[in-house]
Amino acid sequence: MQKDSNAVYERSKILQGNIRKINFCQFCGGPTKHEIPDGEEKVRAICTHCRKITYENPKLVKETIQSLFFSILHFGLMVWELAELQVVGCLIEHDKKILMCRRKIHPSYGLWTLPAGYMEIGESAAEGAIRETWEEANAEVEIQSPFAQLDIPLIGQTYVIFLAKLKNPHFSPGPESSECQLFELDDIPFDSLAFSSMLVTLNLYIEDIKVGRPKFHYGIINKRPGTSPSEIHAYTLDFHMQS
C-alpha cells in the first residue's frame, strides 16, 4: 500500500464538512449543537443538556474467521457477521526503533501505546490509521502492509494494525498524548503498556524480527471477565494464524 498520505489528510478535512447531522443526544434525548470539542479536530454533536459527545464510528460485520483471514490475505477485504467497533493504528518503524505515545487521556492515562483509535465514517482502515497517527503523534507516515488483526470479543472491538514508516523524522505529542518517543526493541516499556492489544502486537512483531521477516497475524484476545484495561496480562491469545 503506497498511498500518498497527504491525500488522506486532505480527505480528512473534507469529511469534517460532510458530517451527518445528529440533532438529538443518544444518551438523554436532549438537543445537540455541532462544534469542535476541546482537544479534538473534528466537528461533533454535543448535547446541550448532559454535554456528552456523540461519536460515529463504523462497525465491522462478521463472517467466518477462516473467510476473514483469507479475504485479508488475498483481497484486502474484511467482512463480518456481528457488529464490532474497529480500532486502527500503526506500528511505525524508524531506524530499527518503534514510535510510541504516552496517553494523556483515560483509560490507561500515562501508559504507552502505539498510535491508534476508532475509525471515522467515510474512511478506510488504512486512512484511519494514518489519521490517528497524525492526531496522536503529529507524524506523517506511509503504510507498508497490514500487520495484525486482533479481535477482543469481551469489549466488542477489533484492532487492525499496519506496519508503517515515517515520511520524515518529525513527530510530537498530539492532544491525547503527553509524550512521543522512539524505542529500541530492548527498551520498549512492556511494564507500562496501555492495553493487551498493544502487548500482543509488539510481542508478535518482535517474534517476526527474530525470524527475519514480518508476517500477517490474526488472533482472538480473550480477556478475563471483570478485568480492567490496565490488566494487560489477563488474557489468552486464541486462534492465532499467520501468513
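**Exercise 1. Work out the strand order of the open sheet, and state which strands stand at its edges.**

Solution. The three strands of this open sheet follow the order β1-β2-β3 with antiparallel pairing, where strands are DSSP runs of E of at least two residues, numbered from the N terminus, and two strands pair if DSSP finds at least two bridges between them. β1 (32-35) and β3 (53-54) each have a single partner strand, so they stand at the edges and one side of each lacks a neighbour in the sheet. Strand β2 (residues 44-47) pairs with β3 over two bridges in the antiparallel sense, and Thr 54 in β3 is the bridge partner of Ala 45.

The model is predicted, with local features needing pLDDT of at least 70 and side-chain atom pairs counting only at pLDDT 80 or more, while totals for chains, interfaces and linings use all residues. Residues are numbered from 1 along each chain as its sequence is written, and side-chain values use heavy atoms, leaving out hydrogens and water.

**Exercise 2. Locate the partners of the salt bridge between Arg 44 and Glu 120, and decide whether they are buried or exposed.**

Solution. A salt bridge requires a side-chain nitrogen of Lys or Arg within 4 Å of a carboxyl oxygen of Asp or Glu; in the pair Arg 44 and Glu 120 the closest N and O atoms are 2.7 Å apart. Arg 44 belongs to strand β2, whereas Glu 120 sits in the loop between β8 (116-118) and α3 (125-137), 76 residues apart. Both Arg 44 and Glu 120 are buried, that is, under 20% relative accessible area, with exposed meaning over 50% and partly exposed in between (1.4 Å probe, protein chains only).

Note on methods
Helix = DSSP H or I, 4+ residues; strand = E, 2+ residues; numbered from the N terminus.
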